[in-house]
Structures are given as structure tokens and as C-alpha cells.
Amino acid sequence: QPEPSPPLELNAAIGTPEEIDALAARVTSAIRRMGVDPNALLPRPRVEEAAQAFSSHDPARARQIVRRVAPAAVRSVSRRILGDDALRADAEAYVRAFAQGLKIQAERGSADDVQMRLATDEGRAFMLLDAAVGDLS
């Protein structure tokens, strides 16, 4: 049985912008290889809802939004992460890094920036991974 992962720490070191970009590319590509299309599953109105939740410092509500609109995809991604230690490490690191950036933007009161960030491929991938990693906690 795999050793449990440490809890996600928002203040943990997250790496250089280049490392985070490479991580984003890896996890986004992994999700697409699973046959999951984050853009189709998370349309703009749901992204807007999730952005409001993150801006209100309520990531649990954002996860619930994603789980409600894409339950099968979240379960599929969660199962895949459970079975692949390297992907799990990447997913957890990516969620940690992206969440830290969202937290900073929310603290600045920049709800529009949060929404624009979540509306990207990387943002939608983050929302799916965050919902899936949350299932593993």
C-alpha cells in the first residue's frame, strides 16, 4: 500500500516559472491522454462559479462545482492518479502551485484575474485535478 501523501501546503516551495510551465504541460497532457477534455466538461459558466468560490476563499465549494458538473471525469482522473505515483506527485505539485497563485490573486481582490486564469486549459486542468486530489485526501 502506498504511503499517504503529505497534505497540500499552500506555502510550500513551488519551483521556477519554467518548472511550473513544464508541470502544467505534463498534467494537462496526461488528462487529455485519459480521454478527458477539461474544456468540454467545464464550460465558462461553471468556470465563473468556481472563480467566485476561489475569490471568496472557498476552494471546497469550487471542488463541489467541478464534482457536480463532471463526476465521471473526476472519478476517472482520481483512479488514474491513485494508480500512478509519478502522475500523483505531478498532480499534487501542480495543484499546490496553481492554488497558491489563485490564493494570491484572491487576496489582491482580483476576481477577474482568478476567472481569467481558471478559464485557460491549465486552469480547467487544475480544477479537475483539485477535485480529484481532494478525493484522495
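This is a predicted model: local features need pLDDT of at least 70, side-chain atom pairs count only at pLDDT 80 or more; totals for chains, interfaces and linings use all residues.
Let me begin with Tyr94 and Phe98. Their pair is tilted, with 5.7 Å centre to centre and 50 degrees between the planes. Both residues belong to helix 6, which spans residues 85-107, and they are four residues apart, about one turn of the helix. Tyr94 and Phe98 are both buried.

Phe98 also pairs with Phe126, and this pair is stacked: the centres are 4.6 Å apart and the planes stand at 20 degrees. Because Phe98 lies in helix 6 and Phe126 in helix 8, residues 121-136, the pair ties together parts that are 28 residues apart in sequence. Phe126, like Phe98, is buried.

Taken together, ring pairs join Phe54, Tyr94, Phe98 and Phe126 into a cluster.

I turn now to the nonpolar core. The largest one has 37 residues, and among those with the most contacts inside it are Tyr94, Leu118 and Phe126. Several helices each supply at least two residues of this core, including helix 1 (17-33), helix 3 (44-55), helix 6 and helix 7 (111-118). Which helix gives the most to this core? That is helix 8, with eight residues.

Finally, consider Leu118. Leaving aside neighbours within four places in sequence, Leu118 is in contact with residues that include Phe54, Phe98 and Phe126, and also Val47, Leu102 and Met127.

Note on methods
Residues are numbered from 1 along each chain as its sequence is written. Side-chain values use heavy atoms; hydrogens and water are left out. Rings of Phe, Tyr and Trp (its six-membered ring) pair if their centres lie within 6.5 Å; planes under 30 degrees apart count as stacked, over 60 as edge-to-face and the rest as tilted. Buried means under 20% relative accessible area, exposed over 50%, partly exposed in between (1.4 Å probe, protein chains only). A nonpolar core is a set of buried Ala, Val, Leu, Ile, Met, Phe, Trp, Tyr and Cys residues joined through side-chain atoms within 4.5 Å. Contact means heavy atoms within 4.5 Å.
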